[in-house]
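Colleague: I am new to this structure. Could you walk me through it?

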Amino acid sequence: MSPWLLIATMAFPLLGAFAAALVPAARARSTALAASLVSILPAIVALDRFDWSDAAAFQGAGAVEWLPALGLELSIGADGVSMLLIALSALLGPVCVLASWTAINTRQGLFYGWLLALQAAMIGVFCARDLLLFYVCFEFTLLPMFVLIRVYGSSGRVKAATKFFLYTFTGSIITLAGFVYVAWQAAQQSGGLWSLDMAVLGEVARAMSPGQQAWVLGALLAGFAVKVPLFPVHTWLPLAHTEAPTAGSVVLAAVLLKLGTYGIFRFAMGYTPDAFAAFAPQLAVLAIVGILYAGLICWVQTDVKKLVAYSSVSHLGFCVLGLLAANHTGVTGSVLYMLSHGFSTGGLFCMIGFMYERYHTRDMREIGGLASKMPVWSSFMVFFAMASVGLPGLNGFPSELLCLIGTFQSDAAWSLAGEPGADGMTLGRWYGVVAGIGMVVGAIYLLYMVGRICFGELREPAGHDDHQGAGAARLPADLNAREIVTLLPLAAGCLIFGLYPKPLVDASAAPVARQVQLVTDAAIDARTEAAQPTGFIDTSGPSPEVAP
Amino acid sequence: MIEKLAYLWPEITLFIATCLVMIVGLSPAANARRLCSWICGVALLLAAGLAASTPANPEALFPDLIPYFKGLTAVVGLMLLLALAGTVDRDLEDLIDRGKIKFNPLQANRAEFYSFFLFSLTGLMLCATADDLIWLFLALELTSLPTYVMVVISTRGTRSQEAGVKYFVLGALGAAVFLYGFALIYGAAGSTDFNDIRAAFAQDGLGSIGTAGMLIALLGVSFKIAAVPMHFYTPDVYQGAASPVSAMLAFVPKAAGFMSIFALCGLVGWGFGEGSDRLPESVHAMLWVVAALTMTVGNVLATLQDSVKRMLAYSSIAHSGYMLVGVLAGPGDTIASNGLAAVLFYLLCYGVMNVGVFAVLASLRNSQGEEPDALDSLRGLVRSHPLHGWAIILCTLSLLGFPPLLGFLGKVPLFTSGISAGLLPLVLILGVNSAIAAFYYLRLVATVYLEPKDEDAPAIDTQPIVARPIAAAISAGGVIVLLIAVQPLLEAAHQSSRYRPVEAVEAVAPAADDALLQLSEPITSRDAQPASDAG
């Protein structure tokens, strides 16, 4: 695969962003739609050209030196997991544009420009192979999201945007400190020559002592856990989701949060496997608390968008739990979750956006029984809710199940690796059992939501059609063709990958196996050293050719 | 003395231009008076050229410093010159043009204004040539004295007069403090010549008087860079002065201050005492505390401001704190570990991006014909005046250090050098402060970019001065275009910050042979540390 394909997946939306910002406002949305559709092309070609038999390798690699004195260069490359996430980001471009088609009426150039810029930055994160590009893109995603929430959000947008920015910016500054520390270690070893190459730094980071790794892991998690968001730093997300415009919520849920889990997958597992293995139980407790706590909060929500937002916190808890299980099943489930959560929750946010456009309320006490009035809308709503619940046959099911099975098996992982004595250092069945309750809670609140909104007696907010002016008589109508087209790719994703997740599992198998191997080796090393206090040092450490 | 002329041609050029400006600016012919700024421009260009061809001075603490630093001064000086256009005498010239009044040299300020501007830049250049405490003192004062007058005559309101008086009184206090420090250093070392002082300190150690002298001198000089606790004048003065003059205050005295700090720290060297790779403990501790306080106080107070110029003043305080990290890190073998190069490079970045923000403010006026100062008055600027709006956005984001703009690349060497020198807590404070800074810089960006125009608010108009938006545009372009030249610029900064360690033989003249052996290890240890680190 040529690096130009990856560059094109970044550059097309970026060029589209400038085009959308510069053309007259009336054409902004069609320009944006065209640009986002065109941007899918290089992603598709890249998926095709990618050598899936060697998915653990970073393909399409290319690098440009920028500031050799400071080790600054821009290099790209993608492995199987990156490719899947890049494809998801590219696919969501037109969905977001279509979802905003009528919802955004003011300053359209600004909106679509930033939306596409956001897409470019997210793809940049996924194909970065040096920390400069990674960090720049990681940080840059804040600006578009800040603008989208701050300008186009609902009533509490200023507070939400500020909170979003401060949380994530502060977190990622600390992440930067962790990166810089690793880079400094590398610079010391290479005689003062700095490098930010991810593979080089990965080897240096893995060679650090467990104590150093623990600090680096802490610094990395400061940024990534906020982004995921992991309990207890999740409080910005419900606010940001609730206030963001529909497209903002969709991007936020579908891709932006995945930057956090991707960061954990790539760096927490790849750079600090010793610390990751050592602290997995504690982090898993946080993830499980998040699953249950956010699930219970969902139950008592009256604002339907807030409910879905908290459900994101709960679901991402599963995703992190799968990573922490650090076995092939769990991490595969987690990667699947990153994708499937994008489809199902992205779909739910679209649904709520469409409802809000019609009724200008998201309060479940004011609204209900819409199945009789908007059957198509309700069908999609039920469909996405079921996908989110984890109904077998839809995409939530395999990913959630794999995460949980991985958690159950996690204590066995080390014995599978030929190690005696799995003595509770890792996750195990009790983690799985407690997290499993989260599935039940998830079913409860999502069914409860669907039940109130879609079924029962028709309730509509008083005076809801005052906004509509002359066209009030025929509104609120059911979904129109444009909205259905918006939802179809998401629904198709839910259904196809629910019935047949094998392509995704296969595609992510090799990179997942590599990351799992790193953590497993580290844990085995740690255990061997603990078992042999005489000072015997196991030299069968992580094999040097593996890159994070 | 005469051999020093070789290093002084840029200053001499500027001085000749100053004299010319003084004469021409008082000419009764309007066309001749208009020549003032052109003379300044040509002189600065010439000075930049002469600076670039200045030979290395093997006697100086920083032998290769002059070309980079004087070139930097001339380039930023040119941008300041553009921003300063039309600051004084605009109404007066207008009246004269319309034949209402006749030219009266007593009423006109143009000659003073431009000549003082050149004087101040001359002083700044002289700071880099200084090899003697007296010289350094005179150069610092030559930098500052004209700015006091420029603050007062920059606007016709009373605020600038108040600001000028405040600046002058506190500036005199600062000067007294560092002069006292210089006197103590002289007392301790018995000479005012840098090389003699260095030899004396290397031989006998600092001693209590020397330590006191260094600390007091550094404290006094921190007035020039607006570092805590000598920062109190900054917001009032920046707010009171016209924006172009504020831009100048944020760069010229700061650069002079850092030159002096370089020189003072160079007197003792980064690697003072046996096995140390740092400044003497007391100096290190004081600069550490000053740096941490300066960053934090500047940034925290900046978040509380509603006036753009006060906010920029506090942010300018914070930027001084960032640069002090580089001073503490000291010289190094590689670009990444060379803190002095980081400071020199950051001065360039700061000069470029800072002029832009002030130039935008200077090129706007509200309905009363005054510069807009309240943050709210800039609401929606991007839509009413796209050029001004985007210029201020780019420069502000660069000041924030948003990657990949110039300000970000300026900060990276400060980080890497600080880490290489083992100043981890300070670097952490630097990182946290960058996060705090995001708060107020983004507030400015959001106001300009996102906020809708307040319909009731008086409309913002542009000043009829072409040069100022050009300065803003050059700055805004600079924070992007210079990105491709960062590598050579950093290398130039690295070259020019080469620190000449004190000669060991000189220092141990009366000592025995074994002591000679011991001390022939270079004193600036990190500078000359063997390649054993590489292992």
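Modeller: One term to begin with: a helix here is a DSSP run of H or I, at least four residues long, numbered from the N terminus. Keep in mind that this is a predicted model.

Colleague: In which helix is Ala294(A) found?

Modeller: Look at residues 273–299 of chain A. They form one helix, and Ala294(A) is in it. That helix is α12.

Colleague: Is Ala294(A) buried or exposed?

Modeller: The test is a count: 20 or more other C-beta atoms within 10 Å make a residue buried. Ala294(A) has 28 such neighbours. Among the residues it touches, leaving out those up to four places away in sequence, are His234(A), Tyr310(A) and Gly317(A). So Ala294(A) counts as buried.

Colleague: How many Å apart in space are Ala294(A) and Phe231(A)?

Modeller: In sequence, 63 residues separate Ala294(A) and Phe231(A). In space, C-alpha to C-alpha, the distance is 8.5 Å.

Colleague: Where does α14(A) bend?

Modeller: The helix is mostly covered, with 29 of its 32 residues buried. After it comes His360(A), with a positive phi near 55°. The bend itself is about 30°, at Ser340(A).

Colleague: Which element gives the most to the side of chain B that touches chain A?

Modeller: The contact takes 26 residues from chain B and 21 residues from chain A. On the chain B side, α17, α18 and α20 each give two or more residues. That side divides into 17 nonpolar, 6 polar and 3 charged residues. With 6 residues, the top contributor is α18(B).

Colleague: Over which residues of chain A does pLDDT stay under 50, with 5 contacts beyond four places in sequence?

Modeller: Chain A has a mean pLDDT of 84, and 91% of its residues reach 70 or more. Where pLDDT is low, the predicted coordinates should not be read in detail. One stretch below 50 is residues 468–474 of chain A, with 2 contacts beyond near neighbours in sequence. The stretch you ask about is residues 420–425.

Terms used: Residues are numbered from 1 along each chain as its sequence is written. Chains are lettered from A and ligands numbered from 1 in the order in which they are written. This is a predicted model: local features need pLDDT of at least 70, side-chain atom pairs count only at pLDDT 80 or more; totals for chains, interfaces and linings use all residues. Two residues are in contact if their C-beta atoms, placed from the backbone, lie within 7 Å. Ala, Val, Leu, Ile, Met, Phe, Trp, Tyr, Cys and Pro count as nonpolar, Asp, Glu, Lys and Arg as charged, and the others, Gly among them, as polar. pLDDT is the predictor's confidence in each residue, from 0 to 100. A residue is buried if 20 or more other C-beta atoms lie within 10 Å of its own, exposed if 12 or fewer, and partly exposed in between; C-beta atoms are placed from the backbone. The bend at a residue is the angle between axes fitted to the seven residues ending there and the seven starting there.
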